[in-house]
Every structure is written in C-alpha cells, then in structure tokens.
Amino acid sequence: MMRVEAVGATDTGQVRPANEDAYFAGDSVFAVADGMGGHLAGEVASATALEPIRNLDGKVFQDAAEAVKSLREAVVQANDVVSRMAADEPSYRGMGTTLTATMLEGDRLHVAHVGDSRAYLLRNGAFSQLTDDHTLVQHLVDEGQITLEEAANHPQRSIITRAIGVSQEVEVDSMTLDLEPGDQVLLCSDGLTGVVEDEHIAEELARGETHDATVRRLIDRANEAGGPDNITIILLRASDSDPDAGPDPGGEAVPASDDGPVVVRTRQDGESGDWAKRLGSYGSMSRDSPWGADERDDAGRSGRGLKALAIAFGVLVLAGLLAGGAYFLLSQEYFVGLEDEQVVIYQGLDFEVGSVELARIVERTELSAEDVQPWFRDRLEDGVPAAGLADARSIVADAPLHADADDEGGDAADDVARAETDEGP
Ligand code: MG
C-alpha cells in the first residue's frame, strides 16, 4: 500500500483584493478551484464547487472504474450546483470556477479537471504536466497559431474555454495515475503557473525540503514574481506505507534528487493535445465529448478523434465568442492595460482573429504609465487580467504608485474617469 500525504495552502497574492481560490485536502480527496466573477461571486463559485468533491472524502470504492465514475460525477454535480446558483441569483450571474480534483483509490490517483488549474507529476527526476489547460492560448498552441513560449507570456493566457458553472453542460477530462513511491503530484491554480516557470517549480519539488517548506517556497516564489493572482497549491507525496509510522503533520523531507537536474517534459510546439500518448506509461485517460455522447478509455486509439473534437469545440467557442453565442466567456474577461501611455480597462482579448478585434476599451482612467512603479508598468504592458469590471477598477485603484507621485491621497481610484463606454472597433 502506498502512503500519500498532502499539504495545501492558499495565498491572496500581491495584487488582488480578495482570494477567490479555494482548496480541499482531505484523507483521500484533494482539489483546487479558482473562482471568477465580481465581488464575492468567485469565492462562492470555488467554495461551492468543492462541496461535491468533499463529500467523496474517505469513501471506499469497489474498483477504479467506480472511483473514476464517482469523481467525474462529483465534478458534473459541482457544475450543476454552481450554474444553478449563477442562474438564480443576479449577483452571482456569470460566476464560474476551475476545478482540478484528485482522488486516491488504492495505489491509484484519479484526476478530473475543468479549466486551467493544473496537475503536475514529478517522478524519477522527470517533471510533467498531467492536465491540459482548457484555455484559449492552449487552443491556439494546439492549432499551431502560437508557440509555447508565446503562450506562456500571452496576456490573455488566463482566458479559459471551459469552466465549472458557466453552462449547464460541462466537459470533464479525467485520467488515472498509477502511483509509485517517491511521486510528487502538485495541484495548483494559475497564480503559481502564470508567473513561476515549470523549471523553477520542478526545482523546488526536487530540492528535498520538507513538505511544508516546499509548499511555502512555491507560494513565496509566486509572490516574489509579483503575485498578480491568487495562489493555491496542494502537494501530494507518495511513499511506501509504514503501518507503524504515525501521521506526521509537519511533513517529511524527500531525498533531494541527486541524479542531476530535473528534466521538465513539455509538449513540443504543434504536438497534439493527446495526453494518452504522453501518459501511456502512467495510466489511462478518458474524456467526455462536449456533447456528452460517449466516454473513451483507450485514448491511444481515439486520440485523433479527441483532438478533432477538441479543435471543433475550440473553434465553436471562438465562433461563439465572435457571434455572441458564448459571449459570457469573453465578456467576463477584463484586463487592465495601456493605450498611449494611459491606463485603461479592456474587455475581451487584445489580439485579432481574422480581421476582428476581440478587445475594446470600456473605461479610461486618469492614471498614466509613468505614475506607476516600473514593475507594474511592465505588467500593464502585458495586460493585468481581472475577474470583472469591479475587479479591474480595484486593480487600477490599488495600482502601486511611485512614492513621489503627486497624488496626495495615494488613492488612484479618485483618478478613475468614469468615461462613457467606448463602443470599440
Ligand atoms: Mg487564478
């Protein structure tokens, strides 16, 4: 039997006014959710989505198939509850959340996910991302339109193409990992992966620190990189079980990897988004079609079909964005950026698809690029993602100003001009 210990932590970061992430680390179930929506809605979405997952904690299953089924059903149930709340309560309209949930069953770890909160595995010095991001930029990478490097720094990398709670239907990816002693599985929100590169995450896991210290270090690294978003981490460590050993709340150090540097395995540009091929040695993978038609367990055979489905789905999402059909995914997306050295609030994406521009300025501010600290100006150039208009406004209001900026109150909110809505291009 495998022994698996989990340490989880969440942190608001340096920029956001509140923490909309949530996590649950129980005995057999571990999950991370990254909520979105104005004011409290994001927090409600992430906390609510965790409930059906939490209910699975400690449950015993007959076999792997039953466990996977239950986990997937819990994710679908999370979608049902969050989408119903969003429909019923005006202040929750448009809220949603990512959900990356894992469940231990024997020596297996089942993973189900929707959105861009990731699961990684460090095994024998190889660090790989287990989950595929359900994001627009991942879609563009899959289509060969942008490179992985471009994706990693893309200002709209946080736009997700799938989320819990935004629709009555949800497509869930799941996979099963056969655990080995020494495995480290990291679940995290994009507050970590958006600013700390895989190489550095891998480095921290391989350092051989205690469990708690490793989680702490990862959060510190995200904050040192500006902490632009909420950061949530659960780190699972598997070892050979020792029936005599009691629980160790402090966590144990793992041996540092002394076989040289950790190898980070990422997809090559243009490589298919077919996990099963990549993960053939780890376990199996299944995925619902967006239309809930069938479930595929042997993705080695059906990978091509899955890829086609994924592309079709992505194109549908894009077409929907343009046509207004799936507009909420886009309309929820705000970011604070620059136009002619002025700080402005955008809605949408700041690149074009065909000749159609996907972003428009919804609010201009009196704040200029030179008023803010240089590191924040750099972030503005990339675009600072916001959970909604209110969030975008508070990002502007909380913008770190130069100490010598002649803004007596230090409150940039006073400078925000509530300019009338720009109709865009
Ligand atoms: Mg996030």
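These legends go with close-up views of one predicted model.

**About the model.** Residues are numbered from 1 along each chain as its sequence is written. Local features need pLDDT of at least 70 and side-chain atom pairs count only at pLDDT 80 or more, while totals for chains, interfaces and linings use all residues; side-chain values use heavy atoms, with hydrogens and water left out.

Figure 1. Helices (H or I, at least four residues) and strands (E, at least two) are DSSP runs, numbered from the N terminus. The protein has 425 residues, and 53% of them are buried. Buried means under 20% relative accessible area, exposed means over 50%, and partly exposed lies in between (1.4 Å probe, protein chains only). A contact means heavy atoms within 4.5 Å. Of the contacts with a separation of 6 or more, 70% join residues 24 or more positions apart.

**Figure 2. Three aspartates, D34, D190 and D229, coordinate the magnesium ion.** Donors are N, O and S atoms within 2.8 Å of the metal (3.2 Å for Na, K and Ca); water is not among the atoms, so sites may look incomplete. Along the sequence, the donor residues follow the spacing D-x155-D-x38-D. D34 sits in strand 3 (residues 29-36), and D229 sits in the loop between helix 7 (211-224) and strand 11 (231-240), so this pair ties together parts 195 residues apart in sequence. Both D34 and D229 are buried.

**Figure 3. Helix 1 (residues 41-54) crosses helix 2.** Their axes come within 8 Å and cross at roughly 145 degrees. Axes are lines fitted to C-alpha atoms, for helices over the stretch in contact, and angles run from 0 to 180 degrees between N-to-C directions. The crossing is right-handed. A crossing is left-handed if the near helix is turned anticlockwise from the far one by less than a right angle, and right-handed if clockwise. Helix 1 contributes V44, A45, T48, A49, P52 and I53 to the contact, and helix 2 contributes A74, V75, Q77, A78, V81, V82 and M85. These residues divide into 11 nonpolar, 2 polar and no charged. Here Ala, Val, Leu, Ile, Met, Phe, Trp, Tyr, Cys and Pro count as nonpolar, Asp, Glu, Lys and Arg as charged, and the others, Gly among them, as polar.

**Figure 4. N79 lies in helix 2 (residues 64-88).** N79 counts as buried because its relative accessibility is 0%. Leaving out residues up to four places away in sequence, N79 touches A163, I164, G165, V166, S167, Q168, E169 and V170.

**Figure 5. The whole structure contains 3 aromatic pairs.** Rings of Phe, Tyr and Trp (its six-membered ring) pair if their centres lie within 6.5 Å; planes under 30 degrees apart count as stacked, over 60 as edge-to-face and the rest as tilted. Y120 and F127 are stacked, because their ring centres are 4.7 Å apart and their planes are at 10 degrees. Y120 is buried at 0% relative accessible area, and F127 is buried at 0% relative accessibility. W375 and F376 have ring centres 5.6 Å apart and planes at 85 degrees, so this pair is edge-to-face. W375 is partly exposed at 36%, whereas F376 is buried at 2%.

**Figure 6. G194 lies in the loop between helix 5 (190-193) and helix 6.** G194 is partly exposed, at 23% relative accessibility. G194 and G227 are 33 residues apart in sequence and 9.4 Å apart in space, C-alpha to C-alpha. In helix 6 (residues 198-206), the buried residues include D198, I201 and A202. G208 follows helix 6 and has a positive phi, near 90 degrees.
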